[in-house]
Amino acid sequence: MDKADISWLLVSTLLVLMMAVPGLAMFYGGLVRSKNVLSVLLQVLCTFVLGLVLWFIYGYSLAFTEGNAFFGGLSRAFFSGMFTPADGKFAMSNTLTELLFASFQATFAGITCALVVGSFAERARFSAVLVFTVIWFTFAYVPIAHMVWFASETAPGLLNAQGALDFAGGTVVHINAGVAGLVGAYVVGKRVGYGREAMQPHNLPMTFVGAALLWVGWFGFNAGSALAANENATLAFFNTMIATAGAVLAWLFTEWAIKGKPSMLGAASGAIAGLVGITPAAGLVGPVGALIIGVVAGVVCVWGVNGLKRLLRADDALDVFGIHGVGGIVGALLTGVFNAQVFGGPGLAEPGMIAHQLWVQLEGVLLTIVWSGVVAWIAYKIANALCGMRVPEDQEREGLDVTSHGESAYHS
């Protein structure tokens with residue numbers, strides 16, 4: 001046991017909790033219309049806590065115990081064996097109690113579930129969102145986490161065995177959620193009046209505060225993924241800072257050149273794009289590589305929420321795929337490049353090894369896209385059959401706050 005490592009992971013777990021509630025909730029809440037803000041806040045909160053409970057019951061065990069290349073077993077269901085009350089002993093995971101490691105990972109599972117709701121915001125039935133979350137968590141998040149992060153001499157996860165690099169969740173969290181969101185935008189359909197009526201964010205200061213909380217919390221997300229208070233954590237910490245700064249500037253100047261004016265929403269979105277881009281690379285690249293990843297993610301995600309969104313013709317309401325999916329892909333691929341020592345990274349010793357690593361990264365990206373997309377489509381169809389995925393048109397026009405939850409965010 002190392003008390004410094006435990007202290008840092010306790011703080012990191014709290015920081016990731018802050019990312020989801022209030023950070024992501026406020027970021028999403030400010031982007032929707034005032035008649036739907038409470039519904040989005042509630043969906044973020046409830047999908048997050050549902051992910052936590054499922055993680056405790058079976059998710060952690062299936063993701064982080066030995067089984068096969070896709071799933072673990074159930075030996076740690078309900079966190080069994082982590083604490084023995086008779087003698088007060090805790091099972092250990094390196095220098096941490098396993099209970100703390102599992103708690104830290106629980107926040108990752110929860111926020112990944114919460115990210116998805118931004119894609120079908122303002123028109124999805126609350127009960128159907130919960131049904132979808134249970135299915136997608138079980139058959140998409142858990143196996144991809146196992147495939148990427150579970151290391152074992154006898155039965156490692158599929159992508160882990162191939163040497164895929166994902167420091168804090170580029171594939172497991174962001175591509176996974178981004179693809180599920182895009183599929184949801186197609187299956188649930190466009191909002192009533194989409195493309196014909198104004199659907200402006202109702203509270204950009206709320207979105208700005210949410211983005212700021214996400215940035216602060218992301219230091220726990222990335223630097224905490226070192227799982228120790230060590231040199232690697234400090235590298236991930238600074239890389240998270242510099243990549244995000246580069247992405248904010250890259251998004252702003254790109255937007256300025258294209259639209260003639262830099263916007264606050266663009267700056268906030270750029271910050272999220274940079275954070276997403278550096279997530280898989282945080283402890284695996286040098287600071288120069290981190291800055292480049294941030295800049296590239298900022299520029300490419302401007303295209304993701306504009307040009308690509310028009311090409312896809314999907315009403316991804318809060319740009320879950322345009323930022324998390326696209327930014328995650330950029331970060332995952334560039335991790336394979338800037339991990340090399342020739343570019344200042346701590347990994348690949350020879351430049352000739354980059355091509356192979358890039359191929360491994362691409363395999364991980366493609367597998368995540370296909371796996372998450374198929375599971376999400378099935379999960380939406382089941383949720384639709386059981387509950388009806390979408391609210392009636394008259395309820396959508398009136399707003400989900402009143403029609404689904406019986407309350408209003410604002411009163412005159």
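**Note on aromatic pairs in a predicted model**

1. Phe120 is buried, at a relative accessible area of 1%; buried means under 20%, exposed over 50% and partly exposed in between, with a 1.4 Å probe and protein chains only. This is a predicted model, in which local features need pLDDT of at least 70 and side-chain atom pairs count only at pLDDT 80 or more, while totals for chains, interfaces and linings use all residues. Residues are numbered from 1 along each chain as its sequence is written, and side-chain values use heavy atoms, without hydrogens and water.

2. The whole structure holds 26 aromatic pairs (rings of Phe, Tyr and Trp, the last by its six-membered ring, with centres within 6.5 Å; planes under 30 degrees apart are stacked, over 60 edge-to-face, the rest tilted). Phe120 and Phe132 are edge-to-face because their ring planes stand at 85°, with the centres 6.4 Å apart. Phe120 sits in the loop between α3 (98-116) and α4 (126-149), and Phe132, twelve residues away, in helix α4 (helices are DSSP runs of H or I, at least four residues, numbered from the N terminus). Phe132 is also buried, with a relative accessible area of 2%.

3. Phe137 and Tyr141 make a stacked pair, since their planes meet at 10° and their centres are 6.2 Å apart. Four residues separate them in helix α4, which means about one helical turn. Both Phe137 and Tyr141 are buried. They belong to one aromatic cluster, whose members include Trp55, Tyr58 and Phe101.

4. Phe208 lies in helix α7 (residues 204-223) and is partly exposed, with a relative accessible area of 46%. Its C-alpha is 11 Å from that of Leu24, at a sequence separation of 184 residues.

How values were computed: Helices (H or I, at least four residues) and strands (E, at least two) are DSSP runs, numbered from the N terminus.
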